[in-house]
Amino acid sequence: RKLLALLVLLALHGGAGDAGRGEDAHEYRDNMVIRKLPADVKRRLEEAKKLEGTDWEGVASACLQIGREDLSWRVLSMIARMRKDAYRCPSVFYSSYGWVASYSIDPTASHPPVLCSCMRPPAQNVNFLQTGTTLEEALARYAEFHRSVYFADRPPDDTRYLIYRPSFHGEGWGNRVIALTAAMTMAMATGRVFLLDWTSSWDLTRYVRLPFQCDAGEFRRRHPELADLPRALVTDPKQLRHGTPHPAAVMLYSSYSSFWGLISRRDATYPLGRLCDVADDHASRVLGHREYRLMGCMMRALLSPTRLIEERMMNAIAGARHVVAAHLRVGPLHTSNYVMMTDKDLHTAWGCIDELLATRDGTVLYLATDLEQVRVLARSKYGERVVQQEGPVAHTGEQHAARGASAVDAQGRPRGEDGVETAMLDWWMLGRAQDAVLTDMSSFGYSATARSLFNTTMPITIKKNSEKCHRTVWQGHVCGNETC
């Protein structure tokens with residue numbers, strides 16, 4: 001309705017401008033100006049009466065939300081004409097969180113344009129990363145604030161929200177956990193209440209514990225007014241490249257990419273580096289990949305395994321003093337749409353694994369793979385030194401298999417809970433190891449090992465068609481496959 005009203009408004013705005021050029025549009029009586037309108041303009045104004053009650057300030061607000069300030073100032077100009085007040089900002093700016101727009105009644109006039117901006121800062125605009133000397137203290141204060149709003153009978157009117165929803169691409173857990181952690185970090189840094197709109201068919205809370213309750217569906221049921229708040233949809237990290245996050249009351253982040261490169265360079269999250277330096281003193285002196293280190297730091301602070309996962313991990317590596325993890329994602333159709341590792345890449349990976357296992361007695365290999373043949377080969381090479389899950393393997397995304405079919409396991413059967421559980425256990429185990437060998441360009445292994453930082457060094461990443469054991473990680477993922 002607002003967009004329709006905007007189109008009519010712009011049509012009227014253009015028509016009124018044309019009227020003055022066709023004939024004398026004014027008649028003077030006793031120093032009063034009586035407007036004489038051409039028939040076509042009069043007809044348009046009569047049609048406009050049908051739009052009485054239209055929230056023109058809402059139209060201006062909608063234009064600002066989609067980044068069209070050029071359209072917004074035209075709406076503001078029309079509001080000023082209708083109110084015969086050329087120098088007053090509409091009330092929408094008195095209750096906003098940071099909208100700024102300029103407009104002029106007559107662009108050719110000598111007086112400067114009117115600048116409308118937020119007249120007061122939001123009460124909840126607190127960077128919680130600045131509220132503690134340690135990350136644990138800052139997170140505890142944010143969690144207290146979050147609970148006070150989430151469980152309130154009526155949240156404060158000036159509360160802002162950040163909702164994370166997995167994208168329509170059907171990406172798997174690797175991409176989702178990176179974006180999820182980035183969104184939670186941004187919520188802490190901007191004083192927004194974080195809500196999780198988990199659209200997957202499997203239950204996240206079965207495998208991951210979050211530091212506070214944040215179910216978007218439950219919050220909407222108790223507070224349906226959330227749906228009426230102005231919102232900004234972010235589907236690409238590049239939308240956040242310039243300036244602070246959008247000032248709309250609700251920021252909905254739904255993308256398969258994250259914005260860690262942006263977070264690590266933002267003034268709003270400046271304390272994050274210092275807090276992580278305190279938490280990871282050993283890592284901060286060794287690791288040069290800032291985005292990767294900050295991502296791992298926040299993953300450890302915000303995410304923890306459930307009791308089910310903890311028990312299975314303890315049983316998997318019981319008695320092991322040192323664990324080397326290998327994530328060998330070959331890329332059959334039930335986990336990828338393209339080949340992730342060739343036979344040559346696998347040969348290189350086995351060589352790197354051999355070197356790691358030879359460095360310390362009693363080292364155990366934890367193998368996570370999507371191909372049964374790789375499991376069989378690992379058992380033949382390492383015998384009892386290899387630990388691996390025997391359950392089915394399936395992609396954790398929703399529509400990832402070839403040609404848009406539903407996710408399936410290796411036998412082509414629809415993915416079940418067992419396939420998700422195997423994948424999630426692999427992910428937690430990769431982060432529990434002291435060293436790791438990863439498939440290049442796989443966000444699953446990349447995100448899992450970020451949690452550990454290995455105390456002293458980067459994991460080994462098997463570059464395509466390479467014969468070397470590179471100590472590095474996939475750097476293209478932090479900002480949508482490009483440098484932020």
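**A chat about the open sheet**

Mentor: Let us start in this predicted model with strand β12, residues 363-369, which runs parallel to β13 and is joined to β13 by 3 bridges.

Trainee: Okay, and which residue in β13 is the bridge partner of Leu367?

Mentor: The partner of Leu367 is Gln388, which belongs to β13.

Trainee: What sheet do those strands sit in, and in what order do the strands come?

Mentor: They belong to an open sheet of 6 strands with mixed pairing, and the order across the sheet is β13-β12-β11-β14-β15-β16.

Trainee: Why is one side of β13 and of β16 left without a neighbour in the sheet?

Mentor: Both strands, β13 at 386-388 and β16 at 470-471, stand at the edges and have a single partner strand each, so on one side neither has a neighbour in the sheet.

Trainee: Which strands does helix α14 touch?

Mentor: Helix α14, made of residues 372-382, packs on the sheet and touches β11 (322-328), β12 and β13, while its direction makes about 165° with that of β12. Helix α15, residues 417-432, lies across β11 and β12 and runs at about 140° to β12.

Trainee: Switching topic, how many helices and strands are there in the protein chain?

Mentor: The protein chain has 16 helices and 16 strands, and of its 484 residues, 53% are buried.

Trainee: And what about its accessible surface?

Mentor: The accessible surface of the protein chain comes to about 23000 Å², with 51% of that belonging to carbon and sulfur atoms.

Trainee: Last one: what share of the contacts between residues at least 6 apart in sequence join residues at least 24 apart?

Mentor: Among those contacts in the protein chain, the share is 67%.

Methods: Residues numbered from 1 in each chain as written. Predicted model: local features only at pLDDT ≥ 70, side-chain atom pairs only at ≥ 80, totals over all residues. Heavy atoms only, no water. Pairing = 2+ DSSP bridges. Helix = DSSP H or I, 4+ residues; strand = E, 2+ residues; numbered from the N terminus. Contact = heavy atoms within 4.5 Å. Axes fitted to C-alpha atoms, helices over the stretch in contact; angles between N-to-C directions. Buried < 20%, exposed > 50% of the residue type's maximum accessible area, 1.4 Å probe, protein only. Areas by Shrake-Rupley, 256 points an atom, 1.4 Å probe, with all protein chains shown as cover.
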